[in-house]
Amino acid sequence: MSRLNLDDFSDLIERPDSGMRRDAEERRERLAVPPGALGRLDELGEWLSAAQASVPVKAIEQPRVVLFAGDHGVAELGVSGRESGSAHELVRATLEGASPVAVLARRMGVPVRVVDAGLDCDPELLPDEVVRHRVRRGSGRIDIEDAMTIEETEAAVRLGMAIADEEADSGTDLVVLGDLSVGGTTPASTLIAALCGTDASVVTGRGGASIDDLAWMRKCAAIRDALRRARPVLGDQLELLAAVGGADLAATTGFLLQSAVRRMPVVLDGVVSAACALVGQRAAFRAPDWWLAGQVTGEPAQTKALDRMALNPLLDHGVTVGEGTGALLALPLVQASAALAAELPERTEPVESDTD
Ligand SMILES: O=C(O)c1ccc[n+]([C@@H]2O[C@H](COP(=O)([O-])O)[C@@H](O)[C@H]2O)c1
Ligand SMILES: Cc1cc2nc[nH]c2cc1C
C-alpha cells in the first residue's frame, strides 16, 4: 500500500449541499413561526438539510456515540489527575454502564461504541470487539520521543477511516464523537498550540480531573518540550501525529476525515476531538463544514481550535469529563432542530382576492 497522504482528503471531501441549504432557508421563511424566534435551532436545521441534501430535513434516527481510547506516556510525568496507564478502567466503566456517557446514552437510547486504538493494558482485560483494533500498547512520551512510528500512525488513521466507513455503511446518521484516555489532553493541547503557533502556557489547561498548580507546571513544560519536537514536522500532518499525537488521536483524525468523505455529520466533544478536527482542517479545509461543536469545555486549547475552525459551540456547562459526554448532551438540541424544521407546517397563504 502506498503511503497515506492526509492532504489527499482535500479532493475527496465535498461541501454540504448549498442549494439544499437555500431551499431549507426558503422553507423556513414560509413557516408560521416568526423569523428568528427559534434562535440557533434554525441554522442547525438548515445545516442538517445541507449535510443530508434533503428538504425537509430527515429526523436523526440512528445516532451513535463513538469513542477512541488510548493511554499516553506523558501521563508518567504526573500531568494527568489519573494514574498513568489506567484508561482501561474508564473503558470498563463505560462498557459496564457506569460512566457519565454510559448513563446518558442509556437514558437517551443511543448505542456506544468503544475502539481501543492505543490502551496500555493486558488485552485480556477487555472484550475482543474493543481491543482487536489496537494499533500499539500506549503512545510514547511526546516530550522526549515520538508518540509512535509513521507506520503505526498510518495504521491508526486507517483504523479511524475503517470505523467511519462501518458506521456510514450501517446507517449511522449522526456521530457523537469522544475520547477515553489518560494523558490525552497533553498531546491535544500540543497539536493545537503547534498548528495555531502559540505558546505552551497559552494552551495548558487543568485537565479532566483538575490538576494542582505543580502538575499544571509539569504539563506546561511537557507541552513546551513537545512543541519543540513538533515544529520541524508542522507541514506534514501524518508526521505531526507521529511526533506529538498518539494512536487514539490519529484514529480520531482518520475517523473525522472519512466521515466527511461519507457525508456523515459529527458532533465534537472536548479538547481532544477539537485537536484532531484541527489537524483534519489542515489536511482538508472543507472538512469542518461537516462538524458541529457540541460544547465548550473551558480548556483554553479547545476554545482556540474551535475559533480557528469557526465552529460555534452549542452548550457551555463546564463538562470536562470527556468520553463524548458534552457532545451527547447536545444531541437532543440537534434532534429538536430537525423535528422543528421538518414538522412545523408552512403558512397557509391568504387567498388572493380578484378585485380588478
Ligand atoms: O475536553 C476537555 O476539555 C477535557 C479536559 C480534561 C480532560 N478531558 C478528558 O479526560 C481525559 C484525560 O485527560 P488528561 O487530563 O488525563 O489529559 C481526556 O481523554 C478527555 O476525555 C477532557
Ligand atoms: C450553521 C452551522 C455552520 C457550520 N459550519 C460547520 N459546522 C456548522 C454547523 C452549523 C450549525
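Two residues are taken to be in contact if their C-beta atoms, placed from the backbone, lie within 7 Å. The structure is a predicted model, in which local features need pLDDT of at least 70 and side-chain atom pairs count only at pLDDT 80 or more, while totals for chains, interfaces and linings use all residues. Residues are numbered from 1 along each chain as its sequence is written, and chains are lettered from A and ligands numbered from 1 in the order in which they are written.

Ala250 lies in helix 12 (residues 247-261); helices are DSSP runs of H or I with at least four residues, strands are runs of E with at least two, and both are numbered from the N terminus. Leaving aside neighbours within four places in sequence, Ala250 is in contact with Thr153, Ala156, Val157, Leu241 and Gly245. Ala250 counts as buried because 36 C-beta neighbours fall inside 10 Å (buried, 20 or more other C-beta atoms within 10 Å; exposed, 12 or fewer; partly exposed, in between). The C-alpha atoms of Ala250 and Thr198, 52 residues apart in sequence, are 22 Å apart in space.

Glu154, a residue of helix 7 (residues 150-169), is likewise buried, with 22 other C-beta atoms within 10 Å. Residues up to four places away in sequence not being counted, Glu154 touches Arg3, Leu4 and Leu238. A separation of 9.1 Å was computed between the C-alpha atoms of Glu154 and Gly254, which are 100 residues apart along the chain.

Helix 8 (residues 185-196) packs against helix 13 (residues 271-283) at an angle of about 35 degrees, the axes being 8 Å apart; axes are lines fitted to C-alpha atoms, for helices over the stretch in contact, and angles run from 0 to 180 degrees between N-to-C directions. Thr185, Ala188, Ser189, Leu191, Ile192 and Leu195 of helix 8 meet Val271, Val272, Ala275, Leu278, Val279 and Arg282 of helix 13. Leu191 touches, among others, Leu240, Val244 and Gly245, residues up to four places away in sequence being excluded.

The largest nonpolar core comprises 113 residues, of which Ala69, Leu191, Ile192, Ala251, Val267, Leu268 and Ala275 touch the most other members. Such a core is a set of buried Ala, Val, Leu, Ile, Met, Phe, Trp, Tyr and Cys residues joined through C-beta atoms within 7 Å. Helix 13 gives the most to this core, with nine residues.
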